[in-house]
Amino acid sequence: MSDDNNSICNEQTFDRFFKSHAKLLRNHIYYKFGDLQQAEDIVQDAFIKLWNNCSKVTLDKAKSYLYTIATNLGISITRHQKVRFKYQDYITQRKNDVNNESPEFIILEKEYMERLKNAIAELPERQREVFLLSRIDKKTYKEIAELSGVSVKAIEKLMHKALLALRKKIGNV
């Protein structure tokens with residue numbers, strides 16, 4: 001670690017940099033993603049990453065690095081929340097779809113939905129995301145690949161693994 005005054009690894013330089021950029025970055029992330037507490041957490045995480053990588057980031061590139069890290073963290077959190085909300089909506093909708101059925105059917109349906117919910121929750125994040133985008137949002141593999149920035153083949157493989165895991169846990173999906 002370099003300790004000269006122009007290095008972001010220098011504590012005084014880092015402190016000055018933090019004081020001059022933290023509030024602006026927080027506001028930027030807050031305006032972009034709409035959650036003040038989340039924005040504050042993201043700013044802290046971004047500055048920690050900057051400090052941990054200070055020897056690789058020059059002072060003139062630090063602001064760009066910081067904003068890129070913070071934006072990527074925000075996108076990642078937002079993507080995760082969207083999947084979670086869609087999943088909750090799906091479960092709620094499935095519960096609402098069960099109307100005039102027998103009490104036995106309703107109990108079996110509840111038990112099945114609970115097993116399904118738990119099995120989906122246990123999937124690795126990427127598999128869960130692909131499964132829900134496909135089954136709940138009705139996205140094609142091509143659309144999911146474009147959203148995720150990976151190939152259609154990678155999406156097919158993730159979906160295959162997700163379906164195998166779910167079938168193993170609860171039977172045919």
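The largest pocket of this predicted model has a volume of about 270 Å³. A pocket here is an open set of points on a 1 Å grid over the protein atoms alone, where a 1.4 Å probe fits, with protein on both sides within 12 Å along at least five of seven lines. Its volume is the space filled by probe spheres set on those points. Lining residues have an atom within 4 Å of a point. There are 13 of them, and the closest to the pocket centre are Arg-79, Lys-82, Glu-129, Leu-133 and Leu-147.

Which elements give two or more residues to this lining? They are H3, H5 (125–135) and H6 (141–148). H3 gives the most, six residues. Helices are DSSP runs (H or I, at least four residues), numbered from the N terminus. By class, the lining holds five nonpolar, two polar and six charged residues. Asp, Glu, Lys and Arg count as charged; Ala, Val, Leu, Ile, Met, Phe, Trp, Tyr, Cys and Pro count as nonpolar; the others, Gly among them, are polar.

Now turn to helix packing. H6 meets H7 (residues 152–170) at about 105 degrees, with axes 8 Å apart. Axes are lines fitted to C-alpha atoms over the stretch in contact, and angles run from 0 to 180 degrees between N-to-C directions. H6 is therefore roughly perpendicular to H7 (65 to 115 degrees). Contact means heavy atoms within 4.5 Å. On the H6 side it includes Tyr-141, Ile-144 and Ala-145; on the H7 side, Val-152, Ile-155 and Met-159 are among the partners. The contact residues divide into six nonpolar, one polar and two charged.

H5 also packs on H7. Their axes come within 8 Å and cross at roughly 95 degrees, so H5 too is roughly perpendicular to H7. Val-130 and Phe-131 of H5 are among the contact residues, as are Leu-158 and Leu-166 of H7. This contact has eight nonpolar, two polar and three charged residues.

How far can you trust the details? The chain's mean pLDDT (the predictor's confidence in each residue, from 0 to 100) is 84, and 85% of residues reach 70 or more. H3 (residues 59–97) has the lowest mean among the elements, 79. Where pLDDT is low, the predicted coordinates should not be read in detail.

Residues are numbered from 1 along each chain as its sequence is written, and side-chain values use heavy atoms, without hydrogens or water. Local features need pLDDT of at least 70 and side-chain atom pairs 80 or more, while totals for chains, interfaces and linings use all residues.

Notes. Parallel < 35°, antiparallel > 145°, perpendicular 65-115°, else oblique.
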